[in-house]
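Reader: I would like a close look at one part of this model: the side-chain contacts. Please keep it brisk.

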Amino acid sequence: MDTLVARLQDTLSSDQATRDAAEQYLAHETLPKSGTDDVLGVQLAQILSEASLSLFVRQAAAIALKKYVRKRWSIFFDTFTQDMVVNGIVQTVDATPVEAKEHIRTSLLACLCDAEPKVRSQASDILSLISSCDFPDHFPQLLPTLQAYLHSYTEQDAHAAYKVHGAMKFLLDLVHVELDENQLLMVAQQLVPLLQGIVSSSSDWITPHTRARCINVFHQCLISLYMAKDTYVDTVHMVTTHYLPPWLQGMQVLMSPDFFNSANWQEPVTWEMLGLRHEIVAFLGTASHFRNIFQEYAPTLLRLVIAQLQAMVPLFIECHMLDNISFPSSVEADADVACSVSMLAESCFTFLTRQSRAAAMRDVCVQGGVGGDGAATDTLHTLLVLMRTYAQVTNEDVETWEADLNAYVEQDDAENVLAGLRPAISDLLENMLDSFPLPVLRQLRVCVDGISTAQAHAKDAWWVPIEAQLWLIGASHEAVDDILLDRDDADLLSIPRMLELLVLPHLSMQAPIYLCGRCFVFASQYVQALPQDVARRIFVAAVDVVRMPDASLPLKLSAVRAICNIKMDRAEATGSDDAAVLEHFTTLLPVATHSTLVLLLDTLEAFIPRDKSSSLSLDVLQRMTEAILLSWRHHMSDPAIELSISYVLESLLKCPVPGCPAQTLYMSMQAFAPCLSVDVELGVAPSAAAMIRSVFRVADAEMLRDVVSFAFPAVASYMLVGEDVEALQSLMQSLAILCEKCPHDILGWHDEHDTPSLQILLRIIERLLCMDEQVCGQAFGKFLVALFTQAGSMLAPVMPALLHALVAKLAQATMPDCTLTLLYALAYLMAHHAEAVVAQLAATELEGGESALVTFVRRWLADVLYTTTPDMLQEHMTALMQLFQHWTPSLQHLFVDGDVLPAPDHVIMTRSRAKAYQQYEQIPASTKVLKLLLQEYATSRKLLDEAHARDVQAKAPLEEQLDHDEWSDEDDVDLGLDINWADFQDEEEEGDVMDEADVREALRAVGIADVPSGRTAWRSFCVRSTRVSRMWAKLCRI
């Protein structure tokens, strides 16, 4: 063991060679060994539990032990390795011996009560992995040991705190792992009562953080129960009915707001109460999903949460507005449950948001009324005032905005809202406006009218409540506009009145910067409510602010957002200033970054003409395009900027200004094509490829024809040598677009050596098939199908080799995306050229001697139902019908997986057993094809019947609609036996519908013995017939 300790110390060496040698030694020792030679795990566990060794060595042992467990413990783990090489021969070795496992588990359990928190945490992490596959069958001592640790808080045990903390940490790790029914029931029955005892205990040494962990453990159990409620119905009902009510009652006691009245914030333990309350609120959010139990306690708990927010206001102001109180730094062991004032407030508002549509929330906020109306309660008014209070700009906000302008911009970006206190408040108001809008708007008017009397936390901060009120109502401007659209009630919130009282007076350079900026943004959000001349004045004022050299940057950015909003929602207010705005904003692009640049790009896009009435010149748009492409070159590593630039270019390609689309396409390709090289910086090629794909997708065919000779060589050259998967995926989509939009141009192109483009495309396909599977994703399938569709007979000479390559790749494919892509391409060929494809695949032999047709059909039938795109699924079904028509003797004896066989009734299927026990019924391939076709047909008919029933019901008289019965409970599926199939014949098709004798003759010719006769045979043959194939296609189009 001394050697192992030395090696572990070497892994911490500053010398690279020493570290590499130590890691290679550990990796070699982790390899499978036979019998008594497998001692590494035991030794690592001993080192981890040895308190006399340094902490760093013990941590290194824990890291190595975790790797060992994943590789050597059990087949349950995907990383399990059981093959070893002895004298050049591969031998299979069993998992870690039972005796070694027992020793390791015992050592780890002892580590849970170690004095060092980091050792407890790492031991807990490893032990949770082991328990996920060993408990309870092979780890019966786990729960008794944990129970003893948790009971220690009642005894005079010097290590009680360590034991409880270690047990809590382990339980948290364990319940985060997916538990099966048996494991979940055992944990709930044996440990949850102990956790409840710790939470309610009056022992002084049980800290709030310890109680918080207890709640967290039960919370995670509750999450597992909720996820399993549809699978283990009786178990979940029994556990929640028995345990949840006492916990909800206990939370009412712990949530008392009286604590804040006498709290001493100079004591670190006092701050732990915030972490406890944070865990309680998070727990309540999950508990609310069990409505039948929670609804009894909901009104009281909702009032307690609101009362807690009200009681925290003084602390919030002292901590975040005045900086008189500082949040203490928490120790590392408590980082998982530590909580600040703003975090607790955010969790409270999040909980209220989730309850906003519940009946209990309405009872708390509204009296009487129906629907969205009713009389507001005092609680509703209090809550709206609290929302404004907690939405106020804090000192931390100001410091963040001054240091990072992007953070200032992001707070008003509705499409990319980050988590935080303000977004949580905004979500709550949105939901309240949806649930009981009229009482909320009445109380918002009261709040606005009383804003002048709102008490600020400091004399020079008079503007903070006003800014918060404007932000709160502005963030929900769409919902407010919708409600007020057809209402002019005098007691509702009045946007014109707000603009008159709070906005227009502060649109000046004398107003505080952040208030003035908020006024600009608010006015632009409600620009539809402004008179035309006022909207025009605000637009001009915003443009003037942007042009002022001495204006602050936050104010300028607010003005830019206002300009963007006004242009999108009230374009006529911008007058004839479009060209000037575009020219000025174009000059700002080089100095902007990230969110600031995205805002400028969004503004430029808003000013791109949408109709022919624009007076913008082509020169202005050209300079803007040049600046945008230059910004792309400098910020191509930023996905948000790349996406915004693609939107601007797409708008320019659709611009009605004569010459603009062609100019944009040419300039774009001049910028992007040279970047398709393996010699450019990392990330340049994939970004350029993505931009080319975006441009090609929007450009019309006529324009693309003009750039094929320039774009195709650049794209093809990179695809023949490039290795970047993202770039290759984008370029495959680009080639598919070119094949669809201008097939004659791309297929008729030749290089300087007179090499046809088709030959180059086939070389690209050959290279892609030789690369990793991740390259052959969905884009590859679309590219292949587009080429198959357009090239047609031109591919006939190479089709045998191409089919061979596709099926050979399919035989080796392990990734689902690659498998489905190859299946889709082959299914397309089968659907349109079935006879030739079946004959060629049947004659092709793969490595191992199996027919390519057999390999393809086996993989096809195993994975076809994983197809999610309706168009692709329809192509597969059409191909399956064609395969059934061209069934060959080589497929006659092919058996494939059918339904999963049920597990034995006497065995409890834990996840480790379920993984090992996975058996399928073996059925003939012909039966599987027939089953898939019948299932698809039944689904299509059901959808068609439902659509027909809805159409009939919609056209029926009102009385019949009101008296219409619910859907029938019958589950009978109409398989179309009463359909007059002749009605689906093509007009030019001649011939009689085949009778039953013809059917039987056809079945005998095919030689499928497992298809019964009579009406079932008639049904089976109908599915196979070409007439049904045409009928099916028509139904799918419907």
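Author: What follows covers the salt bridges, then the aromatic pairs, then charges over rings.

The model is predicted: local features need pLDDT of at least 70, side-chain atom pairs count only at pLDDT 80 or more, and totals for chains, interfaces and linings use all residues. Residues are numbered from 1 along each chain as its sequence is written, and side-chain values use heavy atoms, with hydrogens and water left out.

Start with charge. Side chains of opposite charge can pair when their charged atoms come close. A salt bridge here is a side-chain nitrogen of Lys or Arg within 4 Å of a carboxyl oxygen of Asp or Glu. The whole structure holds 26 salt bridges.

One of them joins Arg705 to Glu702, at 2.8 Å from N to O. Both residues lie in helix H35, three residues apart, about one turn of the helix. Helices are DSSP runs (H or I, at least four residues), numbered from the N terminus. Arg705 is partly exposed at 36% relative accessibility, and Glu702 is exposed at 52%. The classes are: buried under 20% relative accessible area, exposed over 50%, partly exposed in between (1.4 Å probe, protein chains only).

Glu850 and Arg858 also form a salt bridge, at 2.9 Å from N to O. Glu850 is partly exposed at 29%, and Arg858 is partly exposed at 32%. In the bridge between Arg487 and Asp489, the closest N and O atoms are 3.5 Å apart. Arg487 has a relative accessible area of 38%; Asp489 has 31%. Salt bridges also link Asp412, Arg422, Glu467 and Arg518 in a network.

Now the rings. Rings of Phe, Tyr and Trp (its six-membered ring) pair if their centres lie within 6.5 Å; planes under 30 degrees apart are stacked, over 60 edge-to-face, and the rest tilted. The search finds 19 aromatic pairs. Tyr226 and Phe290 form an edge-to-face pair, 6.0 Å centre to centre with 80° between the planes. Tyr226 lies in helix H10 and Phe290 in the loop between helix H13 and helix H14, so the pair ties together parts 64 residues apart in sequence. Tyr226 is partly exposed at 31%, whereas Phe290 is buried at 10%. Phe522 and Tyr526 make a tilted pair: 4.9 Å, 45°. Both of these residues are buried. Phe259, Phe260, Trp265 and Trp271 form one aromatic cluster.

Last, charge over ring: NZ of Lys or CZ of Arg within 6 Å of the ring centre and within 35 degrees of the ring normal. The charged end of Arg7 sits over the ring of Tyr25, 4.8 Å from its centre. Arg105 lies over the face of Phe139, at 5.2 Å.

Terms used
Helices (H or I, at least four residues) and strands (E, at least two) are DSSP runs, numbered from the N terminus.
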